[in-house]
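Please read the following walk through the model with the structure open beside the text.

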Amino acid sequence: MDKKWKVGILGATGMVGQRFIALLENHPWFEVVTVAASPRSAGKTYEEAVGGRWKMTTPMPESVKKLVVMDVNDVENVAATVDFVFSAVDMKKEEIRAIEEEYAKTETPVVSNNSAHRWTVDVPMVIPEINADHFALIEYQKKRLGTKRGFIAVKPNCSIQSYTPALAAWREFEPYEVVATTYQAISGAGKTFKDWPEMEGNIIPYIGGEEEKSEQEPLRVLGTFEDGEIRKAEDLKITCQCIRVPILNGHTAAVFVRFRRNPTKEELIDQLVKFSGLPQELKLPSAPKQFIQYLEEDNRPQVTMDVDYENGMGVSIGRLREDSIYDYKFVGLSHNTVRGAAGGGILCAELLAAQGYIPTK
């Protein structure tokens with residue numbers, strides 16, 4: 001590729017912002033040229049602003065250390081430096097909605113990790129292998145915003161990545177009732193064990209707002225694009241419990257499913273391992289070669305062995321078996337800050353760039 005897209009990261013000093021920076025080091029298409037954060041970080045170098053709060057296991061990339069942090073609220077000046085931005089800002093929802101629209105109105109595409117716009121009618125919420133066609137909403141959104149180039153696209157909640165891909169792979173068997181319990185890593189709260197020592201040897205059976213997201217967001221992802229809007233999957237019901245567990249990275253889900261049709265275990269596994277989408281077809285840089293792996297061992301998937309499958313961009317499924325009350329049950333695992341956050345956002349941006357939604361300026 002002759003020319004790289006110039007990328008800005010909003011909320012660059014937080015955990016997801018750091019993950020964006022780590023994943024974008026040496027990216028073949030995207031170059032981080034601008035980092036923006038709160039006014040208290042503005043004017044410092046990125047290295048100074050983050051200080052001892054670098055939370056990744058890999059070193060801070062040399063290419064960003066000396067970048068001077070801009071004030072995320074200085075929208076016009078930040079936007080002038082980039083082709084598009086990733087948003088990982090830590091603000092109140094109404095503030096996030098407002099600032100992301102401000103950026104879009106400067107003709108700057110926004111690919112957001114935040115939940116603020118996930119239910120905005122004309123904002124696509126996309127897992128690229130599953131519902132890339134929902135990006136068609138962007139043309140309707142541009143009309144509302146009065147933009148030619150600027151828009152907002154979002155990725156869904158991190159916890160649903162561990163089971164929604166399986167439901168998508170099994171669509172032909174018509175899953176209609178799902179019970180899921182997610183066991184969620186502390187990095188989902190932007191924490192490490194150093195920040196949150198009370199999580200060591202502990203679980204907390206409540207994560208604010210998470211159960212509603214886990215029950216409702218898959219219905220939008222699995223919904224259909226009709227007449228300029230997304231119609232939620234109406235024939236699927238999901239109920240969920242979300243529990244914080246003493247794991248750094250990796251969300252695990254224990255899931256029970258009822259199907260209208262009667263698949264065999266072999267048919268279900270076959271659909272999982274051959275499931276793919278546009279990212280694989282287009283060979284996008286961050287796309288896993290195999291989106292879903294099925295593990296035969298009784299003790300898999302495990303966080304320590306499987307969370308980094310396909311560089312954290314793949315989903316691991318195991319323990320699929322018939323159930324005495326439901327039809328089948330299984331265990332899923334996904335990396336919450338890679339596939340579930342920054343990596344999922346980067347894959348969305350790659351697909352948007354490949355499809356012409358993000359031209360270089």
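**Salt bridges, sheet, cores and cysteines**

Arg-258 and Glu-177 form a salt bridge in which the closest N and O atoms are 2.4 Å apart. The two residues are 81 apart in the chain and link distant parts of it, with Arg-258 in strand β11 (residues 251–259) and Glu-177 in strand β7 (residues 175–184). A salt bridge here is a side-chain nitrogen of Lys or Arg within 4 Å of a carboxyl oxygen of Asp or Glu. Helices (H or I, at least four residues) and strands (E, at least two) are DSSP runs, numbered from the N terminus. Glu-177 is partly exposed, at 25% relative accessibility; buried means under 20% relative accessible area, exposed over 50%, and partly exposed in between (1.4 Å probe, protein chains only).

The model is predicted: local features need pLDDT of at least 70, side-chain atom pairs count only at pLDDT 80 or more, and totals for chains, interfaces and linings use all residues. Residues are numbered from 1 along each chain as its sequence is written, and side-chain values use heavy atoms, with hydrogens and water left out.

The salt-bridge count comes to 17. Among them, Arg-231 pairs with Glu-226 at 3.5 Å, N to O, and with Glu-229 at 3.9 Å, N to O. Glu-229 has a relative accessibility of 35% and is partly exposed. Salt bridges with shared partners join Glu-226, Asp-227, Glu-229 and Arg-231 into one network. Arg-231 is partly exposed at 37%, and Glu-226 is partly exposed at 31%.

Strands β7 and β11 also belong to an open sheet of 6 strands, ordered β10-β7-β11-β14-β13-β12 with mixed pairing. Its edge strands, β10 (237–244) and β12 (292–295), each pair on one side only. Pairing requires that DSSP find at least two bridges between two strands. On average, neighbouring strands of the sheet are turned by 20° against each other, direction ignored. Axes are lines fitted to C-alpha atoms, for helices over the stretch in contact, and angles run from 0 to 180 degrees between N-to-C directions. Strand β12 runs parallel to β13 (residues 315–322), and 4 bridges join the two. Leu-295 has Gly-318 in β13 as its bridge partner.

Two helices pack on this sheet. Helix α9 (residues 210–221) touches β7 and β10, and its direction makes about 140° with that of β10. Helix α10 (residues 265–274) touches β11, β12, β13 and β14 (328–334), its direction making about 145° with that of β12.

The largest nonpolar core has 57 residues, of which Tyr-103, Trp-170 and Phe-330 touch the most other members. Such a core is a set of buried Ala, Val, Leu, Ile, Met, Phe, Trp, Tyr and Cys residues joined through side-chain atoms within 4.5 Å. Leaving aside neighbours within four places in sequence, Trp-170 is in contact (heavy atoms within 4.5 Å) with residues including Val-257, Phe-259, Leu-268, Leu-320 and Phe-330. A second, separate core of 47 residues includes Phe-30, Trp-54, Ala-153 and Ile-358.

Cys-158 is buried at 12% relative accessible area, and Cys-242 is buried at 0%.
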